[in-house]
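Trainee: I would like to go through some of the terms used for this structure and see what each one rests on.

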Amino acid sequence: MAEVLVYVDHVDGAVRKPTLELLTLARRIGDPVAVALGSGAADTAATLAEHGAVKVLTHEAAEYADYLVVPKVDALQAAHEAVSPAAVLVPSSTEGKEIAARLALRLGSGIITDAVDLEAGDKGPVATQSVFAAAFTTKSHVSKGTPVITVKPNSAAVEPAPAAGVVEALSVSFSAQATGTKVTARTPRESTGRPELTEAAIVVSGGRGVNGAENFAIIEALADSLGAAVGASRAAVDAGWYPHTNQVGQTGKSVSPQLYIASGISGAIQHRAGMQTSKTIVAVNKDAEAPIFELVDYGVVGDLFDVVPQLTEEVKTRKG
Amino acid sequence: MSLRIVVTVKYVPDATGDRHFADDLTVDRDDVDGLLSELDEYAVEQALQISEAGDDVEITVLTVGPEDAKDALRKALSMGADKAIHVEDDDLHGTDAIGTSLVLAKAIEKAGYDLVISGMASTDGTMGVVPALLAERLGVPQVTLLSEVSVEGGTVKGRRDGDSATEQLEASLPAVVSVTDQSGEARYPSFKGIMAAKKKPVQAWDLSDLDIDEDEVGLENAYTTVDSATERPARTAGTIVKDEGEGGKQLAAFLAERKFV
């Protein structure tokens, strides 16, 4: 069976969920061979094996943290040469897309980004994408070279599928471009203790109607009662009420959770682009005419300062 | 020190319009009004700010696209860019990101550059890969997705707010930069700017000017093939209730019914 390269997104050896989802999708096409780079790379092997990696190629070097993107492209190119895979899958983070694009160019391959599903096809893997603010669904395949495909978080279930997960050291020689862009400082984002926005099963978002940074506490309280991530509309972020890292929408994160709760968000196209593929959508808004109500499975026309705290209390009560 | 900046811009269908696909599954550009991609306005703005902070800075805006794409160049010129290049060729129809990056890279090299500035993504394709592809093709550093950017001497610096960390980046010129919508509100063209833009030069190049063969670009030669495009079915109308004091509880009951609580 053909092998499929899977780029591993990990933090010091802790594998992030989207990578495990990629292993599920990779198994539909072939045998997953994982590529883990940088500090803690070898520590990823056990988790990756548990989820179907037949092989884990690892390489540790300071370059992966000290320079932007290119060292990782060099490593994936080396892995491609070593394995000759049927496809290369990369998580659709901002960095993941950049790595994938440069790799595709070097391989003379086509690239598909932000796939939300993947299946085997006669002409290679078929990727499903959601486009024009999720108004259309397309199916595409790569017609030249080794398909390089980036996949959005929450596109597949994480499934245990024990495999050998043999660890092999990858030999990488860095290109002249590898040290072109130096990372002179790095400040890890402070952990909020909440799930990662793009990976969360439930997202609770606040918008213009929240009307102030201090009022986001009621959005956070609801999120915490549900074990959810917190999102914000562009209006709320631009007003400085919540960090840009939490922005849901075209120029922020695109999320696809099981449940999306929009509070005080009108539902402009900018925002819809980032949440329209959510499975269940509910909204609370004062304005009965707000476009967000066109999307909802359940909507409450009312003041979020009354409805949201009541909802939080009721959720807590029901959860006991 | 003189500094030559090339800003890449894209003419896109208005996102608030009824965007759809043409019969050949390319983006339909005829039935929806087009405009300069909003995310590229941030790139033009940062180029202008770098120009205002330095001396002897020349800003060229570059686009690849059909006749109408001139509107995007005019907008950038009216914001304050110095000149424009429009690459237009019938053989370009349906070119994908890999092919577009080839055309842009050849045009950037022909124009001459110290710094390329792009937006973070287009508002239609939304891939966000062209800046990385340009850096790869040009063989220069990629300093992308910046919320803050500055040029000092022969060095470009910036802040990248990534998924898990904020990074400070630094590279030598020449380099390719992309900026996010957090980099600073783009200015509106002034009346004077709009009048001045009419007199600014717009150079027209086709594929032969860039030594690109027709079999390197276009829909037939794309690296990816779109097999189908289906309009997403409208979401079935949900239940809307007016809060009469029990709205939160009613919502909780709905969530319980759907097994979220």
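Predicted model: local features only at pLDDT ≥ 70, side-chain atom pairs only at ≥ 80, totals over all residues.

Trainee: Why are H6(A) and H9(A) called roughly parallel?
Mentor: Helix H6 (residues 216–226) of chain A packs against H9(A) at an angle of about 20°, and the axes are 9 Å apart. Angles under 35 degrees count as roughly parallel, so H6(A) is roughly parallel to H9(A).

Trainee: Which handedness does the crossing of H6(A) and H9(A) have?
Mentor: H6(A) passes H9(A) in a left-handed crossing. On the H6(A) side the contact is made by Ile218(A), Ala221(A), Leu222(A), Ser225(A) and Leu226(A). H9(A) contributes Val308(A), Pro309(A), Leu311(A), Thr312(A), Val315(A) and Lys316(A).

Trainee: How do the residues of that contact divide?
Mentor: The contact of H6(A) with H9(A) has 8 nonpolar, 2 polar and 1 charged.

Trainee: What makes a residue of H6(B) buried, and which residues are they?
Mentor: The test is 20 or more other C-beta atoms within 10 Å of its own. In helix H6 (residues 247–257) of chain B, the buried residues are Gly247(B), Gly248(B), Gln250(B), Leu251(B), Ala252(B), Phe254(B) and Leu255(B).

Trainee: What covers the buried residues of H6(B)?
Mentor: The cover includes strand E16 (280–285), strand E17 (298–301) and helix H9 (304–319) of chain A, together with strand E13 (239–242) of chain B. After H6(B) comes Lys259(B), with a positive phi near 70°.

Trainee: Where does the domain name for residues 4–183 of chain A come from?
Mentor: An unreviewed UniProt entry lists that span as "domain: Electron transfer flavoprotein alpha/beta-subunit N-terminal".

Conventions:
Residues numbered from 1 in each chain as written. Chains lettered and ligands numbered in written order. UniProt positions renumbered as here; feature names shortened; annotations may be inferred. Buried ≥ 20, exposed ≤ 12 C-beta atoms within 10 Å, placed from the backbone. Helix = DSSP H or I, 4+ residues; strand = E, 2+ residues; numbered from the N terminus. Contact = placed C-beta atoms within 7 Å. Axes fitted to C-alpha atoms, helices over the stretch in contact; angles between N-to-C directions. Parallel < 35°, antiparallel > 145°, perpendicular 65-115°, else oblique. Left-handed = near helix turned anticlockwise from the far one by under 90°. Nonpolar A, V, L, I, M, F, W, Y, C, P; charged D, E, K, R; others polar.
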